[in-house]
Each structure stands twice: as structure tokens, then as C-alpha cells.
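Colleague: I would like to learn how to read a structure, one feature at a time. Could you take me through this one?

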Amino acid sequence: MAESTMINTNARGIIKDVRGNMVILEVPGTSYEVHLLIDPSSHASELSARKGKRMTGEMNAHGLKIEESHAGGKFIEPLQGAPRIVAGSVIAKDDRRLCVDVSVPMWISLESHQNSGEFEVGQMVNCYVKSGTSIQPRS
């Protein structure tokens, strides 16, 4: 169970395109066009029919050595494409993941040598993420 249950940890964006098992999500108020994998059971054809419409879902990534950031700021790199580096503030956590506001909420799974107890809600963090960041659409 997430430590911070009052916070909405779902990402929100506009569906720009759907290509096979990937959705390109525009993040309102930014220049981001984030390429995210979608579960085949999410019915890509239904998402494709919703191009230009809003989408909400849980964004999930696997972090490589999450570290405290002293520089501050939140970002996703690159601006267009699959996330590779992210930074932001921890807004919620559970046993093996942190939800980090990186311009949108992103749940980041921890490597086996780290645990969520090392981090506090409000702390600034950054990390590289493995390929395959995904989104599980919510209704």
C-alpha cells in the first residue's frame, strides 16, 4: 500500500499516437512526448481511436540506483521518446517503489540493493531508468 494515499499518483496526458504496443503521450503544459509501452490487454485499438483525447494511467519504470538530488528540478530526458533519465520529488512510496513527480507522476521500481525506507516523501531524487517504461490506462 502506498504511504501517501491522498496524492493522485496517476499520470495524465493527451494521446498523440498509438503505434503497436506503444502510446505517445503529450504532457500538458510541457514539450514532452513520452513513448510508453502499453499492456496488450489495454486494447491499443481503443486508445488509437482516442487520439487527441485525454488519458490517465499508472506510469511505471524500473530505476537504476536512485540517488538523492541536491540540484532540484524535475524532468524527463529526452523530451521526445522513451524515458532514459528522470528527476523529481518523491510524492508517495510503497515497499519496493517510489512515485516521483517528474512533470507527471511516475512509479519507479527499486533495484534489489535499495529499499523505499532510504527515501522520504518530498525528497528530490534522480536516476536512469531501464528501457520499457510503461503505462497502465485507467478509466
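Colleague: How many aromatic pairs does the count come to?

Modeller: A pair of aromatic rings is described by the distance of the centres and the angle of the planes. This is a predicted model, and here the count comes to 0 aromatic pairs.

Colleague: Which ring has the charged end of arginine 97 over it?

Modeller: That of tryptophan 107: the charged end of arginine 97 sits 4.1 Å from the centre of the ring.

Colleague: Now the elements. What does the secondary structure of the chain come to?

Modeller: There is 1 helix, and there are 11 strands. Read from the N terminus on, the order is β-β-β-α-β-β-β-β-β-β-β-β.

Colleague: How do I read the pairing of strands?

Modeller: Look at the sense of the pairing and the number of bridges. Strand β1, residues 11-19, pairs with β4 in the antiparallel sense over 4 bridges. In β4, threonine 56 is the residue opposite arginine 12. β1 is also joined to strand β2, residues 22-26, by 5 bridges, and these two run antiparallel. There valine 18 stands opposite valine 23 in β2.

Colleague: How many residues lie between β1 and β2 in their hairpin?

Modeller: The hairpin has 2 residues between its strands, and glycine 20 in the turn has a positive phi of about 60°.

Colleague: In which sense do β4 and β9 pair, parallel or antiparallel?

Modeller: Parallel, over 3 bridges. Asparagine 60 stands opposite tryptophan 107 in β9. On the other hand, strand β8, residues 97-101, runs antiparallel to β9, with 5 bridges joining them. In that pairing, valine 100 is opposite methionine 106.

Colleague: What should I look for in the backbone angles?

Modeller: Most residues other than glycine have a negative phi, and most peptide bonds are trans. Look for the exceptions. Serine 103 has a positive phi near 100° and is not a glycine. Serine 103 lies in the loop between β8 and β9, whose hairpin has 3 residues between the strands. With 24% relative accessibility, serine 103 counts as partly exposed.

Colleague: Where is lysine 65 found, and what is its phi?

Modeller: Lysine 65 is found in strand β4. Its phi is positive, about 45°, although lysine 65 is not a glycine. Lysine 65 has a relative accessible area of 45%, so it is partly exposed.

Colleague: Which peptide bond is cis?

Modeller: The bond from glutamate 77 to proline 78 is cis, with omega near 5°. Proline 78 is placed in the loop between β5 (75-77) and β6 (80-81).

Colleague: How do I read burial for a single residue?

Modeller: Compare its relative accessible area with the cut-off: buried means under 20%. Threonine 133 is at 3%, so it counts as buried.

Colleague: Where is threonine 133, and what is it in contact with?

Modeller: Threonine 133 is in the loop between β10 (124-129) and β11 (134-138). Leaving aside neighbours within four places in sequence, its contacts include His35, Met59, Asn60, Pro83 and Met106.

Colleague: Is leucine 64 buried or partly exposed?

Modeller: Leucine 64 has a relative accessible area of 33%, so it is partly exposed. This residue is found in strand β4, residues 54-68. Beyond its neighbours within four places in sequence, leucine 64 is in contact with Glu111, Cys127, Tyr128 and Lys130.

Colleague: How far is leucine 64 from glycine 13 in sequence and in space?

Modeller: They are 51 residues apart in sequence and 25 Å apart in space, C-alpha to C-alpha.

Colleague: And the chain as a whole: what radius of gyration does it have?

Modeller: The chain has 14 Å; a compact globule of 139 residues would have a radius of gyration near 14 Å, so the two agree. Along the principal axes, the C-alpha atoms fill a box of roughly 40 × 30 × 25 Å.

Colleague: What share of the residues is buried?

Modeller: Buried residues make up 45% of the 139. The accessible surface comes to about 7200 Å², and 49% of that belongs to carbon and sulfur atoms. As for contacts between residues at least 6 apart in sequence, 64% join residues at least 24 apart.

How values were computed. Residues numbered from 1 in each chain as written. Predicted model: local features only at pLDDT ≥ 70, side-chain atom pairs only at ≥ 80, totals over all residues. Heavy atoms only, no water. Buried < 20%, exposed > 50% of the residue type's maximum accessible area, 1.4 Å probe, protein only. Contact = heavy atoms within 4.5 Å. Phe/Tyr/Trp six-rings, centres within 6.5 Å; stacked < 30°, edge-to-face > 60°. Lys NZ or Arg CZ within 6 Å of the ring centre and 35° of its normal. Rg over C-alpha atoms; globule rule 2.2 N^0.38 Å. Areas by Shrake-Rupley, 256 points an atom, 1.4 Å probe, with all protein chains shown as cover. Pairing = 2+ DSSP bridges.
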